Amino acid sequence: MYGFEALTFNIHGGYLEAIVRGYRSSLLTAADYNNLCQCESLDDVKMHLSATEYGPYLQNEPSPLHTTTIVEKCTLKLVDEYKHMLCQATEPLSTFLEYITYGHMIDNVVLIVTGTLHERDVQELLEKCHPLGMFDSIATLAVAQNMRELYRLVLVDTPLAPYFSECITSESVAQKVGFVNMRCRDLDDMNIEIMRNTLYKAYLEDFYKFCQKLGGATAEIMSDLLSFEADRRAINITINSIGTELTRDDRRRLYSNFGLLYPYGHEELAVCEDTEQASFGGWGEKWTKMTAFGSLVNHQDCIGDLGQSEVRGVVEKYPPYQSIFAKISYGESQMLDKAFYEEEVKRLCLAFEQQFHYGVFFAYIRLREQEIRNLMWISECVAQNQKSRVHDSVVFIF
Amino acid sequence: MGIFDKLPPMDYLRSEKMTFVQLIIPVESAHRAITYLGELGLLQFKDLNSDKSPFQRTFANQVKRCGEMSRKLHFFRDQISKAGLLSAPRPALQPDVDLEELEVQLGEHESELIEMNANSEKLCQSYNELFEFKLVLLKAGGFLVSAQKQAAPRDRELDENVYTIEDYDDRSSLLEQEMQPQPSNNSGLRFISGIICKSKALKFERMLFRATRGNMFFNQAPAEEHVMDPVTGEMVEKTVFVVYFSGEQAKSKIVKICEAFGANCYPVPEDISKQRQVTREVTTRLSELEATLDAGIRHRNKALSSIGSNLWKWTLLVKKEKAVYDTLNMLNFDVTKKCLVGEGWCPLLSKPQIQEALQRATIDSNSQVGIICHVMNTVESPPTYFKTNRFTHAYQEIVDAYGVARYQEANPAVYTVITFPFLFAVMFGDWGHGICLLLGGLILILRENRLGSQKLGSFMEMAFGGRYVILLMALFSIYCGLIYNEFFSVPFHIFGSSAYKCHEATCR
């Protein structure tokens, strides 16, 4: 039972909550997006953005503009705002703000390791990293050659260290089952993806526990947002791993231990692939069921589709996610991303309805990232003269 | 009702009478007309294109060009302040430049500056590298010499006391064990020397230790002089280091780690005489580079100062042009009659001035058709315009900050002239401090002309703008201070002693 945060929150968090609400009011509105979508060239985009809060950042760019420059400067604004908030924060808000960036750290680590695997230059990779997830010894990741070295050399000093032990303990389990010792396993694409998802799982669980420890409105709101994140990742992992050599157990291990889909949804999602590979009888049964419902089903026999209809069947049992899959008709998996983003944005906006909790900071950073994604999509469409596709992937925040 | 007409005019108490006028301007004289009207400052245009987006307006391109030019001017200003040059005083006599010419000139200057900056950056980088190399040679040379000296006696002892090797191993330090192999040339022991930022040195050492599993020896010493960091332009402290290791794999790892931490590696020859030779070479090259760099900087500063003398004028011109085009965007462009239609408010008394400005514009632009300006009726309520002189201007601004009065509403600023300073004085109430304030205000007023033309800091600007307010505040505070009997918080008995007796007999 909470409800008395109003008495004490403003002592330490009041200033920053006011600041973040001020930042939130400067997010681009639907009217801005409409104007941006009507731009003919990147110079028009720049002119329009100069009238918004991005003005000082884009002001000094010389005229032949690139989409990467626009995105870089907008990200720079986000980083400046984040750093301003972080240096003014006290515990536990400062730990909370740092937790928000661990996801980016994981992405950066995976980016550099993958890049090194494909023999890219380290400096080039460093430039592509997200600035919120940078830490000091990140460039040394290029030296590591297997997971153990990765941990021992670099990650042990970073906040990601405890998440890595999850990676390694899961390997010891694998050892018992007779798998190759993962410690010495080389880094290849598949293992790196598994590593990324294992790290992310550990990070989400840790963040969830931290929020529960904070208690009150923060715990409630953040647990909702993080559960959605966990469930979204579970669904994405399932859909992306259909047809690959990821086994059912491995996939099961990559799902987080909380969220709406835990544990029964996870059981069903883990088996989703089986329907295609398994006995023809099983598939035949599915087929007859489908023909019975004739018109509802698109009779394409690509495996992804069948897998997705499986996933859809599992997820539709949960009312909050039913609406997501209802928006996209059968066979359109590209729109799934946009549907998920729209749902996420809706929940993030709701976080601002309540006062005196830390969820507003998380929500603001996520909304800003969504805005930068929107801007990138619009700039790309404008630069490549494909204005008709602009509305495909833009999610309006207000 | 006749008595109301005979009363004196209420200039300051009510807004001026405003009329709504419509201007029909032929295209060729449009720009000039708006410029002259802008210089007058007596017409407020209504935006007739408010439903159009910024890109759909007629003169959107010109506005973009002005924006681009102001970006270039901003860039010049940055460069000038970075180079540490003082901006030259604004010279009054300079020929007027046209907008297109200015654009071309600015483009040329910008490309020239960018090229010069790129060149000097390259030179700076090579200079920094050589400088770091010199520092590394100085310090690393010291390490290597001491290492060899230690290695040599070890050799001799090795031959004589072979049987006590085991004891020695137990007691000797890591350094001596590492040094046991012979002069470094023949052993598997190699070294890499370089320089790294002081702040990263600890992490760097730790990383090297981990990567080579402890099979390396790290020696470091701080460099005596600061090196300029090329990215930020600041002087950073650096540390010279030498890493001893053996094996090819270790070498590749160490090289990668050096790259990752931004440490620059320089090869140092082991032989002392070779070291001295290399040091001499590096020093001569450094002095050559210094001379080249100085010449480059002088050239660039000359270019910058020539830009700097014109910068203020150009900025003013670009701002004016942008304002003119923004105003032109508000006018309705009638394509069939090839003229611009504009609507706006102006004070009734200034109509002759406006007509005169429009006539001048027609003549100057050699237009056949004159500009028509006629009064229109409208139901909109006019904007408020108070005529102010320099005394009432500050008070009017104070009152406007709370809200501008409606048309023909009574103007509170007239009363504020007295009430505002008086209320201040009631709170200030000290005739000693009041005299100081009076002196300050008088200085500001007497030096009005000189201070008005200078560029003042933000605080001085505020004080200067309110000099008449300060004057009145000072006069009233002296009055209140005398009533309160406070002179720098000390009471004086100017008007006789107090009529009231103190309770305490000792207190006077």
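A:Cys211 is buried, with a relative accessible area of 1%. In this predicted model, the closest cysteine sulfur to that of A:Cys211 belongs to A:Cys349, and the separation of 19 Å is too far for a bond. Across all chains, a search of the whole structure finds zero disulfides. Chain A holds 19 helices and zero strands, whereas chain B includes an open sheet of four strands.

**Cysteines**

- What separates the sulfur of B:Cys124 from the closest cysteine sulfur? The distance is 16 Å, to B:Cys197, and this is too far for a bond, given that a disulfide requires sulfur atoms within 2.5 Å.
- B:Cys124 is partly exposed, at a relative accessible area of 29%, whereas A:Cys211 is buried.

**Chain A: overall composition**

- Chain A has 398 residues, of which 51% count as buried.
- Considering contacts in chain A between residues at least 6 apart in sequence, 68% join residues at least 24 apart.
- Helix H8 of chain A spans residues 147-154, and its buried residues are A:Met147, A:Glu149, A:Leu150, A:Leu153 and A:Val154. Viewed down the axis of H8(A), these buried residues fall within an arc of 165°, so they line one face of the helix.

**Backbone geometry**

- Most residues other than glycine have a negative phi, and most peptide bonds are trans. The following sites depart from that pattern.
- The peptide bond between A:Glu91 and A:Pro92 is cis, with omega about -10°. A:Pro92 sits in the loop between helix H5 (67-88) and helix H6 (93-117) of chain A.
- A cis peptide bond also links A:Tyr262 to A:Pro263, with omega near -10°. A:Pro263 belongs to the loop between helix H12 (248-253) and helix H13 (264-270) of chain A.
- A:Asn385, a residue other than glycine, has a positive phi near 65°. A:Asn385 is located in the segment after helix H19 (359-383) of chain A and is exposed, with a relative accessible area of 62%.
- B:Asn485 is not a glycine, yet its phi is positive at about 65°. B:Asn485 lies in the segment after helix H16 (467-484) of chain B and counts as partly exposed, at 27% relative accessibility.

**Chain B: the four-stranded open sheet**

- The strand order is S4-S7-S3-S8, with antiparallel pairing. Strands S4 (217-222) and S8 (264-265) of chain B stand at the edges with a single partner strand each, so one side of each is left without a neighbour in the sheet.
- Strands of a sheet pair through backbone hydrogen bonds, either parallel or antiparallel.
- S3(B) is joined to S7(B) by nine bridges, and the two run antiparallel. Strand S3 (residues 189-197) of chain B is also joined to S8(B), by two bridges and again antiparallel.
- Which residues stand opposite B:Gly194? In S7(B) the residue is B:Phe241, and in S8(B) the residue is B:Cys265.
- B:Ile195 has B:Asn264 as its bridge partner in S8(B).
- S3(B) is mostly covered, with seven of its nine residues buried.
- Helix H7 (residues 198-211) of chain B lies across S3, S4 and strand S7 (238-246) of chain B, at about 150° to S3(B).
- Helix H8 (residues 248-261) of chain B lies across S3, S7 and S8 of chain B, at about 160° to S7(B).

**Chain B: strand S1 and its partners**

- How many of the nine residues of strand S1 (residues 18-26) of chain B are buried? The count is eight, so S1(B) is largely enclosed by the rest of the structure.
- Nine bridges connect S1(B) to strand S10 (residues 339-347) of chain B, in an antiparallel arrangement. In S10(B), B:Cys339 is the bridge partner of B:Pro26.
- Five bridges connect S1(B) to strand S11 (residues 372-376) of chain B, also antiparallel. In S11(B), B:Ile372 is the bridge partner of B:Ile24.

**Chain B: annotated transmembrane regions**

- An unreviewed UniProt entry lists residues 422-446 and 467-484 of chain B under "transmembrane region".
- In the model, residues 422-446 of chain B are 92% helix and 0% strand, and the end C-alpha atoms are 23 Å apart.
- Residues 467-484 of chain B are 100% helix and 0% strand, and their end C-alpha atoms lie 25 Å apart.

Key:
Residues numbered from 1 in each chain as written. Chains lettered and ligands numbered in written order. Predicted model: local features only at pLDDT ≥ 70, side-chain atom pairs only at ≥ 80, totals over all residues. Heavy atoms only, no water. Buried < 20%, exposed > 50% of the residue type's maximum accessible area, 1.4 Å probe, protein only. UniProt positions renumbered as here; feature names shortened; annotations may be inferred. Arc of directions from axis to C-beta. Pairing = 2+ DSSP bridges. Contact = heavy atoms within 4.5 Å. Axes fitted to C-alpha atoms, helices over the stretch in contact; angles between N-to-C directions.
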